[in-house]
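This report goes through the disulfide, a helix, a surface patch and the salt bridges of one protein model. Please look at the sequence and the structure before reading on.

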Amino acid sequence: MRRLADPYRDTDVIDSRAPRFNQATIGVLSLVAVLAGWHWLVGLLALQLAVGLVFGRRFCLPCVAYFELVQPRFGEGALEDTRPPRAANTVGAVVLAASTLGYAAGSEAVGTALALLVASLALLAAVTGFCTGCEAYKLGCRLTGRPFISCPIPGQSR
């Protein structure tokens with residue numbers, strides 16, 4: 001099966017199902033962390049998101065799982081601009097890091113509330129396709145006078 005975009009080199013675009021896979025992973029694991037009382041897992045998820053954002057998809061474990069295990073079996077989904085999902089991942093990493101700090105500072109309520117916020121928004125996105133962070137990114141573009149225009153997608157005519 002031929003891919004239109006290399007998942008590790010063509011970083012301006014992404015298979016539209018990859019962010020949903022990542023959101024499902026982060027959402028489920030955040031929920032598990034809260035329910036099991038595994039505060040360390042919330043910090044690990046924040047770190048994993050940050051590592052993926054800084055060093056690329058090769059270092060994002062859910063991304064690698066999707067591109068190496070899922071995509072070869074189901075094919076490449078529609079390609080989309082990576083900026084909105086990257087913005088959503090940045091927000092997720094920051095909120096999970098804040099949750100971890102809340103737990104570390106002894107504020108169980110703050111840590112739990114922030115982890116559950118990430119879990120609920122990530123699972124909402126994974127199930128419905130509505131990504132709050134992505135839409136916030138696009139709205140921010142409009143409000144700052146630079147409307148979001150998706151980058152050119154390989155293999156599509158203009």
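The count of disulfides comes to 1, a disulfide being a pair of cysteine sulfur atoms within 2.5 Å. The model is a predicted one, in which local features need pLDDT of at least 70 and side-chain atom pairs count only at pLDDT 80 or more, while totals for chains, interfaces and linings use all residues. Residues are numbered from 1 along each chain as its sequence is written, and side-chain values use heavy atoms, with hydrogens and water left out.

**Cysteines**

The disulfide joins C131 and C134, with 2.5 Å between their sulfur atoms. The link of C131 and C134 is right-handed, with 70° about the S-S bond. Burial is judged by relative accessible area: buried means under 20%, exposed over 50%, and partly exposed in between, with a 1.4 Å probe and protein chains only. C131 is buried because its relative accessibility is 9%, and C134 is buried at 9%. Two further cysteines can be described in these terms. C60 counts as buried at 7% relative accessibility, and C63 is buried with a relative accessible area of 12%.

**Helix α5**

Helices are DSSP runs (H or I, at least four residues), as strands are (E, at least two), numbered from the N terminus. Helix α5 covers residues 108-128, which is 21 residues. The expected span of a helix is 1.5 Å times one less than its number of residues. For α5 this gives 30 Å, and the end C-alpha atoms are 30 Å apart, so the two values agree.

The buried residues of α5 are G111, T112, A115, V118, A119, A122, A125 and A126. An α-helix has 3.6 residues a turn, so residues three or four places apart point the same way. The buried residues of α5 pack against α1 (17-36), α2 (39-55) and α4 (83-104), where contact means heavy atoms within 4.5 Å. Just after α5, G129 has a positive phi of about 90°.

**Nonpolar patch**

V28, V32, W38, W40, L44 and L47 make a nonpolar surface patch of about 600 Å². α1 and α2 are the elements that give two or more residues to this patch. The most comes from α2, with 3 residues, and L47 is found in this helix. Patches are made of residues with over 30% relative accessible area and no salt bridge; like charges are joined within 9 Å, and nonpolar side chains (Val, Leu, Ile, Met, Phe, Trp, Tyr) within 5 Å. The accessible areas come from the Shrake-Rupley method with a 1.4 Å probe, and for residues only the protein chains shown count as cover.

**Salt bridges**

A salt bridge is a side-chain nitrogen of Lys or Arg within 4 Å of a carboxyl oxygen of Asp or Glu. Side chains of opposite charge can pair when their charged atoms come close. The model has 4 salt bridges, and the table gives some of them.

| Salt bridge | N to O distance |
|---|---|
| R17 and D15 | 3.9 Å |
| D81 and R83 | 2.7 Å |
| E135 and K138 | 3.6 Å |

For the next pair, D81 is buried at 4% relative accessibility, and R83 is partly exposed at 36%.

E135 and K138 both lie in helix α6 (residues 132-143), 3 residues apart, about one turn of the helix. E135 is partly exposed, with a relative accessible area of 32%, and K138 is partly exposed at 23%.
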